[in-house]
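Let's take a walk through this model, one site at a time. Keep the viewer open and follow along.

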Amino acid sequence: MSAPGSDRPVVLQLTDATIKFGGLTAVNQVSFELFQGDLFGLIGPNGAGKTTCFNLITGVYRPTSGKIAYQGNSIGGLPPNKICKLGIARTFQNIRLFGALSAIENVMVGGHLRDPSSLLSALSYFPRAIHETARLREQARELLRIVNLEDVAEVRSRDLPYGKQRRLEIARAMATGCNLILLDEPAAGMNPFEKEDLVKVVRRIRDEYQKTVLLIEHDMKFVMNLCERIVVLDHGEEIAQGPPEAIRNNPKVIEAYLGEAV
Ligand SMILES: Nc1ncnc2c1ncn2[C@@H]1O[C@H](COP(=O)(O)OP(=O)(O)OP(=O)(O)O)[C@@H](O)[C@H]1O
Ligand SMILES: [Mg+2]
């Protein structure tokens, strides 16, 4: 039997990815692969190495050993800006928005990340710059619509409630023109209604905008409801991988993380 999703191209492939910080092996020989259009979950207890995996994939850290490939090309050790340009964007566990900028301006910054020269031109008053700024603004408005924030486009991001700030980060990541989007605990701090809405937003990003999604989340209902495949880390090691049903009933996962079957 062929692997799930194997009729679609491989987008991201980790092969024995490892990183050591002094005596601590934060990620230890982790291997998994994402196919185009996957909605993939990365779960595990606190300190399991999930965010560190994101930091390896996005170039914050260089792997000590092992391989990370994006669309078949090795990216391990490339600087974050290059990896972003190749098509990988992320949100952060601790929200990182420009608090004094409006929601729409934060998304426009994401557009500039894709093409930094557009920022320089936007700071000038040449006709081309005015045209470029208008284009970025239009694109940002569309992205705000996708994450249901169009009504707060002009609100300063620091004045937005927490759940909206998290959705704004997603819009900003999308503005980079990414193909693969990494979401680090997107539902953290959200109430049940916001979480329900977020499930729809993430599905839309995949279904309507053909993004591949890798997300870290502690809310098991959210993960099991949304993700089609899941990898589980514990103490930097992969302890299970598979569809939600298999993960939910996996004795190793129950012991290390879930406590009891969910
Ligand atoms: N730059 C670093 N230097 C030293 N240790 C680090 C560094 N980054 C991460 N670690 C350690 O690596 C381990 C994994 O951390 P990581 O942040 O990846 O966990 P996590 O799975 O995201 O946890 P959480 O669910 O709490 O966010 C932890 O023990 C952490 O202290
Ligand atoms: Mg983390």
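Start with Gln-93, which is partly exposed at a relative accessible area of 31%; here buried means under 20%, exposed over 50%, and partly exposed anything in between, using a 1.4 Å probe on protein chains only. A word on ground rules: this is a predicted model, so local features need pLDDT of at least 70 and side-chain atom pairs 80 or more, while totals for chains, interfaces and linings use all residues. Residues count from 1 along each chain as its sequence is written, chains are lettered from A and ligands numbered from 1 in the order written, and side-chain values use heavy atoms, with hydrogens and water left out.

Helices (H or I, at least four residues) and strands (E, at least two) are DSSP runs numbered from the N terminus.

Thr-51 counts as partly exposed, at 25% relative accessibility. Just after H1, Gly-59 takes a positive phi of about 85°.

Now for the largest pocket, which holds about 550 Å³ of space. A pocket is an open set of points on a 1 Å grid over the protein atoms alone, where a 1.4 Å probe fits, with protein on both sides within 12 Å along at least five of seven lines; lining residues have an atom within 4 Å of a point. The volume is the space filled by probe spheres set on the points, which are joined across faces, edges and corners. Of its 22 lining residues, Pro-80, Cys-84, Phe-92, Leu-113 and Thr-176 are the closest to the centre. H2 gives the largest share of the lining, five residues. Where does the pocket lie? Domain 1 (1-87 + 178-262) and domain 2 (97-176) both contribute to the lining, so the pocket lies between them; the bounds come from an automatic or database domain assignment.
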